[in-house]
Structure formats: structure tokens, C-alpha cells
Amino acid sequence: LLFTGYRAAASASFFQARNVDVSGTSRTSPDEIKAIVLKGVAQTGVWNADLDALSRELKKIGWVREAVVSRVLPDGLRVRVIERVPRAVVRMNAGNFVWVDEEAVTLGTASPADQIFMHGLDERETDNARAQNRERVQKFLEMVRELEAQGSSHRISEINFEKLADVRAQLTGHDSQVELQLGREDLANRLKHALNVLDRDRDTPIGPFMTYINVAQGIGKNQAVIGIRKDAPDFHRDSADPNAPEIEREKVTTRSASKPPDESRKAKEKVARLDDERGRKKEQAKKEQAKKDQDKREKDKKDKTSREVRAEGRPRRVG
């Protein structure tokens with residue numbers, strides 16, 4: 001009797017949800033949250049509502065990071081929302097810009113404006129991609145904080161995290177043709193060192209021909225490498241200067257404008273395999289044709305011999 005009375009009381013109109021109090025929203029629509037909550041408790045009522053399930057459903061909304069749902073008996077529910085905070089502008093593979101939070105969750109359309117933006121998110125919906133994207137965003141935010149503290153953030157237009165082991169930065173303004181190749185770690189200090197190398201050589205004869213500065217090996221002496229255009233003249237550096245960076249002529253275009261090395265190598269291997277296969281087929285065709293020619297010669301020889309034998313066995317006409 002007690003159980004039956006409990007079921008009757010729980011399902012009675014007395015416990016049907018009529019009020020939903022929402023707090024903590026600035027970008028999320030409160031009406032959208034109320035609609036989701038009322039739909040979720042339409043059959044159960046407030047008393048039997050699955051609060052954890054409601055919270056999980058609300059977290060599917062793009063801007064909602066956490067949602068705490070509690071009962072306000074007899075007919076109300078309270079929802080406290082913690083929203084995601086846009087932290088970085090990212091250029092996607094399609095070329096559009098979006099906001100992401102510190103967990104690399106995309107939040108909506110953005111404009112790069114005058115701030116540094118990020119490139120290189122893995123857009124696949126896999127656990128590994130999401131984990132690496134979180135690492136990318138964390139490293140990016142650390143770099144931006146340090147660059148702002150150094151007062152050099154205005155010189156960077158984009159930081160490319162396509163490869164976590166090969167982070168690169170593109171400069172802006174008069175230095176927009178120069179790419180900084182930073183490697184994987186100590187990114188802010190390496191970027192600062194690369195900018196110092198650039199400032200040192202910008203007004204020298206080598207300045208107009210610079211295309212990249214590579215500090216991926218670190219920031220010690222003689223570890224920076226300046227890349228120059230293919231058509232640049234020969235430059236002779238002062239070997240007596242222990243801090244003079246190495247100069248190398250550009251061998252390939254920058255990563256953003258060329259195929260990744262792995263893809264190029266695979267393409268070459270594929271072409272080599274096709275060439276080998278064509279060579280084998282051609283050789284096989286030659287052997288087959290030679291065999292046919294040999295068989296034809298032997299057959300012609302046998303036919304000739306047979307005709308001669310028959311001719312010798314015939315009686316000759318006399319007179």
C-alpha cells in the first residue's frame with residue numbers, strides 16, 4: 001500500500017514540472033535550456049526526474065561546459081550553467097575561422113581581426129584527435145601569453161600546430177614572407193630568439209631574400225639557420241662571429257604551400273613501383289614474342305623438310 005501510494009503521489013499532477021529556473025547563461029539561450037528540461041521530465045515529473053541524464057543532455061549544447069540540475073519541490077527545477085569561454089581563433093582546413101575554448105571545442109564563427117590565430121586542428125572526430133587538439137590549444141595559449149608579456153604578439157599573424165613536433169609561426173607586416181620554424185618545445189623562447197635573428201639581419205644584404213628562420217634545434221650558439229630564396233646571390237658570413245647563424249638556400253617551399261614530406265616520398269615510391277611493373281610487363285612481352293618467333297621458325301623448318309621428303313619420294317617422269 002505504501003509503494004502504491006508513493007507511485008501515485010510521484011506521478012500525480014502535483015509533481016509535474018511547471019517552473020525551470022536557469023542561471024549562469026550569457027551566450028546560451030535560457031529558453032532552449034528550459035525546453036530541454038521540460039521535455040526530459042514530461043513523463044517522470046519532478047520527483048522521478050533523472051537529474052544526471054538532464055545534465056548530460058544540456059552539455060550537448062555547444063556553449064555549455066557544465067550544467068548542474070537540482071529539484072525544487074513540488075513542481076520546479078533549478079539549472080546552474082557554466083559556459084565555455086572562447087580562448088582562441090582557429091583557421092580551419094576549409095579556410096573559415098572559429099572560436100575554440102581551452103579544450104579545443106569549437107564554439108562558433110569568429111574573425112581573426114588583429115589578433116594571432118591558430119591553424120592545424122585535427123578535424124577528425126576521434127579520441128586521439130581530441131586529445132592532441134587539447135594539447136595544441138594549451139601550447140598556443142601559453143605562447144600567446146608569453147608573447148604578450150614580451151610585447152611581440154603584434155608581429156605574429158598565425159601559429160601552425162598541424163604537426164606538434166614541427167610548430168611554425170608566420171609573421172605579419174613587412175616580414176610576412178618569413179616563416180619561423182620552432183620545433184616542439186620551449187616555443188615562446190625559440191620564437192623570441194628567431195625574431196632576434198630576423199632583426200639582426202633584416203637590414204643586411206641577406207634581408208630581402210630571407211624566407212624562413214629555423215630554430216627547431218634550440219637557441220644555443222650557431223643553432224639558428226636562415227633560409228634564403230633559390231635566386232638569392234651567394235653570401236659570405238663572417239666566420240669569426242661565433243653567434244652568426246648558418247645560411248642555407250631554400251630547397252623546398254614552405255609546408256603550407258607544399259605536400260608533406262611523407263606524401264612526396266610515397267608518391268615517388270608509387271611511381272617507382274609503376275615503372276618497375278611496366279618494365280616487367282615489357283620484358284615479359286619481349287620473351288613471349290621471341291618464343292612465338294622461335295616456334296614459327298621451327299614450324300616453317302619442319303614444313304619445308306616435310307615437303308622435300310615428299311618431293312623425293314615421287315616417281316620422276318622420263319622422256
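Me: Why is Phe140 called buried?

Reply: The model is a predicted one, and the value is computed from it. Phe140 has a relative accessible area of 2%. Buried means under 20%, so Phe140 is classed as buried.

Me: What makes Phe161 a buried residue?

Reply: The relative accessible area of Phe161 is 0%. That value is under 20%, so Phe161 counts as buried.

Me: Why is the pair of Phe140 and Phe161 called edge-to-face?

Reply: The ring centres are 6.5 Å apart, and rings pair if their centres lie within 6.5 Å. The planes stand at 85°, and an angle over 60 degrees counts as edge-to-face. The pair of Phe140 and Phe161 is therefore edge-to-face.

Me: Which parts does the pair of Phe140 and Phe161 tie together?

Reply: Phe140 belongs to helix H4 (residues 127-150), whereas Phe161 is in the loop between strand E8 (156-160) and strand E9 (167-171). The pair therefore links parts that are 21 residues apart in sequence.

Me: What does Phe161 touch, not counting residues up to four places away in sequence?

Reply: Phe161 touches Phe140, and its other contacts include Met118, His119, Arg136, Met143, Val167 and Leu187. Phe140 and Phe161 are also among the residues that touch the most other members of the largest nonpolar core, which has 40 residues. Ile159, Leu180, Leu182 and Leu191 belong to that group as well. Apart from this core lies another, of 18 residues, among them Val20, Val46, Val79 and Val81.

Me: How many aromatic pairs does the structure hold?

Reply: There are two aromatic pairs. One of them joins Phe97 and Phe117, with ring centres 5.0 Å apart and planes at 90°. The distance is within 6.5 Å and the angle is over 60 degrees, so this pair is edge-to-face. Phe97 lies in strand E5 (residues 97-100) and Phe117 in strand E7 (residues 117-119), so the pair ties together parts 20 residues apart in sequence.

Me: Are Phe97 and Phe117 buried or exposed?

Reply: Phe97 has 18% relative accessibility, and Phe117 has a relative accessible area of 12%. Both values are under 20%, so Phe97 and Phe117 are buried.

Me: How do you know that the buried residues of helix H3 are on the same side?

Reply: The buried residues of H3 (residues 51-58) are Leu51, Leu54, Ser55 and Leu58. They cover an arc of only 100° around the axis, which places them on the same side of H3. The face turned away from that side carries the exposed residues Asp52 and Arg56.

Me: What do the buried residues of H3 pack against?

Reply: They pack against helix H2 (30-40), strand E2 (64-72) and strand E3 (76-83). Val69 is located in E2. Leaving aside neighbours within four places in sequence, the contacts of Val69 include Leu51, Leu54, Ser55 and Leu58. With a relative accessible area of 10%, under the limit of 20%, Val69 is therefore buried.

Me: What makes Asp50 a cap of H3?

Reply: A side-chain oxygen of Asp50 lies 3.3 Å from the backbone nitrogen of Asp52. A polar contact requires N or O atoms within 3.5 Å. The distance meets that limit, so Asp50 is described as capping the N-terminal end of H3.

Me: Why is Asp186 called partly exposed?

Reply: Asp186 has 39% relative accessibility. Buried needs a value under 20% and exposed one over 50%, so Asp186 falls in between and is partly exposed. Asp186 is in the loop between strand E10 (179-183) and helix H5 (187-201). Its phi is near 50°, a positive value in a residue other than glycine.

Me: Is Ala104 buried or exposed?

Reply: Ala104 has a relative accessible area of 14%. That is under 20%, so Ala104 is buried. Ala104 is found in the loop between E5 and strand E6 (106-109). Its phi is positive, about 70°, although Ala104 is not a glycine.

Terms used:
Residues numbered from 1 in each chain as written. Predicted model: local features only at pLDDT ≥ 70, side-chain atom pairs only at ≥ 80, totals over all residues. Heavy atoms only, no water. Buried < 20%, exposed > 50% of the residue type's maximum accessible area, 1.4 Å probe, protein only. Helix = DSSP H or I, 4+ residues; strand = E, 2+ residues; numbered from the N terminus. Arc of directions from axis to C-beta. Contact = heavy atoms within 4.5 Å. Polar contact = N/O pair within 3.5 Å; in protein donor to acceptor, adjacent residues only side chain to side chain. Phe/Tyr/Trp six-rings, centres within 6.5 Å; stacked < 30°, edge-to-face > 60°. Core = buried A, V, L, I, M, F, W, Y, C linked by side-chain atoms within 4.5 Å.
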